Amino acid sequence: MSRLRLGLGLGFGFGFLVLAPIVLSFLYQNSLDLYDYYSNNNFLYAFVLLLLLIISMRFCGVFSSLLHYMLPRKRAVEGVVVDDDSSDNAGSSIKKHRLGCLVASSATETTASSNGKSGNSSIVGNNRGSYHSGSSSSSSVPPPTMALGDGNPQDIDEDLHSRQLAVYGRETMRRLFASNILISGMQGLGAEIAKNLILAGVNNFIFSENDVGKNRALASIQKLQELNNAVIISTLTTKLTKEQLSGFQAVVFTDINFEKAIEFNDYCRSHQPPISFIKAEVRGLFGSVFCDFGPEFTVFDVDGEEPHTGIIASISNDNPALISCVDDERLEFQDGDFVVFSEVHGMTELNDGKPRKIKYARPYSFTLEEDTTNFGAYEKGGIVTQVKQPKVLNFKPLREALNDPGDFLLSDFSKFDRPPLLHLAFQALDKFISELGRFPVAGSEEDARKLISIAININEKLGDGRLEDINPKLLGQFAFGARAVLNPMAAMFGGIVGQEVVKACSGKFHPLFQVFGSKLQKKLEDAIVFMVGSGALGCEFLKNVALMGVSCGKQGKLTITDDDVIEKSNLSRQFLFRDWNIGQAKSTVAASVAASINPSLHIEALQNRVGPETENVFDDTFWENLSVVINALDNVNARLYVDQRCLYFQKPLLESGTLGAKCNTQMVIPHLTENYGASRDPPEKQAPMCTVHSFPHNIDHCLTWARSEFEGLLEKTPAEVNAYLSNPGEYASATRNAGDAQARDNLERVLECLDKERCETFQDCITWARLKFEDYFANRVKQLIYTFPEDAATSTGAPFWSAPKRFPHPLPFSAADPGHLHFVMAASILRAETFGIPIPDWVRNPKKFAEAVDKVMVPEFQPKKGVKIVTDEKATSLSSASVDDAAVIDDLIRKIEQCRNSLLPGFRMKPIQFEKDDDTNYHMDMIAGLANMRARNYSIPEVDKLKAKFIAGRIIPAIATSTAMATGLVCLELYKVLDGGHKLEDYRNTFANLALPLFSMAEPVPPKVIKHRDMNWTVWDRWIVKDNPTLRELLQWLKDKGLNAYSISCGSCLLYNSMFPRHRERMDKKVVDLAREVAKVELPPYRRHLDVVVACEDDEDNDIDIPQISIYFR
């Protein structure tokens, strides 16, 4: 068994960055190492590596067709192409815009090309005026005012960038929009970096099949523009010089030799302000990244996480002071964190806003480096909030890092010796190319020996820093594949480098402180793949598999399904879609684009949700024929269902997911690894109902309540009204039969909607909205503090209003308050929609609307005695049943019937379903208004509409870079899965956080093994019984295995239990017939078997968990 292992290096700290070794193992025809094996098969190895080179070069051509789908070309390109070989100055202006970028491809400035030809090109965009290109001595871009590009505040399309804003925030996005970036080298890696940055709002690149042979930068400019209209891109075809770097916040070189890289890096460091410099390259299955963001680079937010908070329970007058917090949530503070205090009663000295350092953090308390002995005595209340401290990093220049790389950032601790070796290998490759003017020839032992010799010489000159073992086998493999560029590698490194550019431009997150045989390719081409989902992950996967040649053979087929349609917010990450695709089926558009990337791809697009309801579409035959399943889903339930299907049919499943800058991958391999559902995250902690409805203490509680009220008022109640009006008799009968508190509440809401709260004019809607304001934010609070005054005590004598409860205050309405008025406006507009009432134009005139609101008569409210307010945190409902529910229900039905008689014939309400991604529909205006007014009641900090959208809309933060990395990692594992025959230790699961950065790789966890006699099985096993057995035959089949079955069930029905004498009468019936008769199972024509669950004991009466049993009856 020969293996080709992948090493990736990212030097950590102050030098060359080596993303620690990612192991990629491939099985061939025997157990010899790849290098040794092909040393004795020179012709075969030369053929295999030649094929690898052809594939890799073809990758550039096929990857170029990634833009072929971007038709029709609807947009004109803003910018200019400059082509100047003379020393005369030539000027060209570029239209000012909110964002600038530059992408460059320069063969003469980088390593030698295989044919010896040279050419220069770049794409440039600038938002600060004109760009002039002339002689190398004078060409420059006007320098930015600040290294971080914080120009004038920019407008941000929040619908388009909502998921990205959830990760970066407005300030970081504005810095990105004001940044100028250069990317040099438009091979696969440069294209991936460009794509990710354009989607982020910085820049982008790709080219088409018909453009092969043209200058890459020129060929791609029109199609780059289509990915993001906010980016202005133009070309620079003159020789790239260091002086031309002066106008950029960050420069990225993906194909440059060390000599030129050192020259450019030195210039970037000496420039004021310093220019962030990144050098990245991918060579076969190896890659490296080097970052130098200058002598002093400030990181404003190290991890991008929300500041942690705690609710204070007590503070001691000590030195150091001990602060205890309520125990409903663990504190996330760490030793050395800085925090600020607010709302502290008694010890008010802490409310001065001064950051204070935590000395010793514990789960529910911490000590403070502060002497509070002479402070006032703590009384009650208080919030403690983490303060993010800026961090200054001191980067080493490239010339120093080559000899002294510092520490390495490890991702796979089983390969801790690889990063320094790969650091040496890339230097040897650079020297090889500089001496011979070419890459090592694929399969050439002579070239491999030459590179190994160079590496040995470099190592000897390192003195005390030299390596003891340089591993010639690994260096030989490195040499054999050095010319190749594999798409999964380009995708993964494109995500890493793209995120580093974002850090360089924004100060957000912590920077990186410093090939196959024809048999495998045939397996890729003939693979039958099922891809579930075509969103952000799906788009990246489709691009990757198309470029890899997966499912491109006569026997191959890729089926992709997604029941969703394209929305505007998708366009910032799901790069296969364009604005003219909005409203179209995701899978159909994505499949069409993938087919134009690689016309040989055999792909079928479906719009079916994968679940029990579509098992007639994805039937047994469909699953049995699959080679592999790739999940590109965004919810756990769908993942669990696909996992169970793969478990059942014993198919490999490649899982991945992203959350902001984090991503993870999981390989689910039949009989080798545990399945996806074997380990689950604990469920998210839900706030008690009484907390949400009466005692909120953070904005999340307010927003949860606000969304619940929105759906109740505008969706559920109108839908309930329509259900009644559609069939009053049946509705009344069903309600009487239910006869519970929920049925009573539903009838009360219907009656209220059709009687005293019925709206016939828009003024009625304003009245309704104004009275809702009074009810929510004044009357309910008055009742609450009447029932529980500020000095109220619990049954134990403790203060009722102690942390985390916050004592509320009624909110008097004021038409002069924009927040009050905007809430009433949004609520009245949406109320009018539910009743089909036209909305007059004057509504959006604040003065006229305020006048209409002032006309509303608001009745005086008097709190009532004896009102019960739920305080039990375990309560699941605010309604309680009563003995007279039936009589109340009858009375309500009678009153509703009277109201129905006064309605116009055919009257129906129009329920409103919450839609967070349309800023013109007033949905988020109302929810944000509800939440913020409630927050004012309880003195909770308010949030803007965007933040409210993230929380109430349950938006999952997402960015293109982490998506690209995750899919690249999965596709590297896909090579192993389709090659087959690998061991558990050959696979890798990965967790990465591009913000920190952190990369962690580990072997998958094996499945639990159950043993019985001489048998053993895992969750992957399924026992099959054929020939349509009777119940007696099935019991005997198990008896022969030493298992005594005492219970057999199908679904939720019991087919057999040994304790029930009458079940013995079923012994001679077919199991499938019992399922039809007893469990009422319907078996469609496409179903050939029936699954039963059997409970067994061994002869010593010990329970034995056995696999699911499939009874084949056809």
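Trainee: How many aromatic pairs does the count come to by this rule?

Mentor: This is a predicted model, in which local features need pLDDT of at least 70 and side-chain atom pairs pLDDT 80 or more, while totals for chains, interfaces and linings use all residues. Residues are numbered from 1 along each chain as its sequence is written, and side-chain values use heavy atoms, without hydrogens or water.

The count comes to 35 aromatic pairs, where rings of Phe, Tyr and Trp (its six-membered ring) pair if their centres lie within 6.5 Å, with planes under 30 degrees apart called stacked, over 60 edge-to-face, and the rest tilted. One of these is the edge-to-face pair of Phe286 and Phe478, whose centres are 5.3 Å apart and whose planes stand at 70° to each other. Because Phe286 belongs to strand β12 (residues 286-292) and Phe478 to helix α11 (residues 472-480), this pair ties together parts that are 192 residues apart in sequence; helices (H or I, at least four residues) and strands (E, at least two) are DSSP runs numbered from the N terminus. Phe286 is buried, with a relative accessible area of 3%, and Phe478 is also buried, at 1%, where buried means under 20%, exposed over 50% and partly exposed in between (1.4 Å probe, protein chains only).

Now turn to Phe530 and Trp623, whose ring centres are 5.6 Å apart and whose planes meet at 85°, so that this pair is edge-to-face. Here too distant parts of the chain are linked, since Phe530 sits in strand β21 (residues 528-532) and Trp623 in helix α16 (residues 620-624), 93 residues apart. Phe530 is buried at 0% relative accessibility, and Trp623 is buried at 1%. If you widen your view from this pair, you will find that Phe530 and Trp623 form one aromatic cluster together with Phe618, Phe622, Tyr648 and Phe649.

Asp255 lies in the loop between β10 (250-253) and α7 (258-270), whereas Arg283 is in strand β11 (residues 276-283), so the pair links parts of the chain 28 residues apart. Asp255 counts as buried at 16% relative accessibility, and Arg283 is buried at 6%.

Another salt bridge joins the side chains of Asp266 and Arg399, at 2.5 Å from N to O. Since Asp266 lies in helix α7 and Arg399 in helix α8 (residues 398-401), the pair ties together parts 133 residues apart in sequence. Asp266 is partly exposed at 26% relative accessibility, and Arg399 is partly exposed at 46%.

A further salt bridge brings together the side chains of Asp979 and Lys523, at 3.6 Å from N to O. This pair links distant parts of the chain, with Asp979 in helix α28 (residues 960-979) and Lys523 in helix α13 (residues 518-525), 456 residues apart. Asp979 counts as buried at 7% relative accessibility, whereas Lys523 counts as partly exposed at 37%. Elsewhere, salt bridges that share partners join Glu192, Lys195, Glu540 and Lys543 into one network.

Definitions and conventions
Salt bridge = Lys/Arg side-chain N within 4 Å of Asp/Glu carboxyl O.
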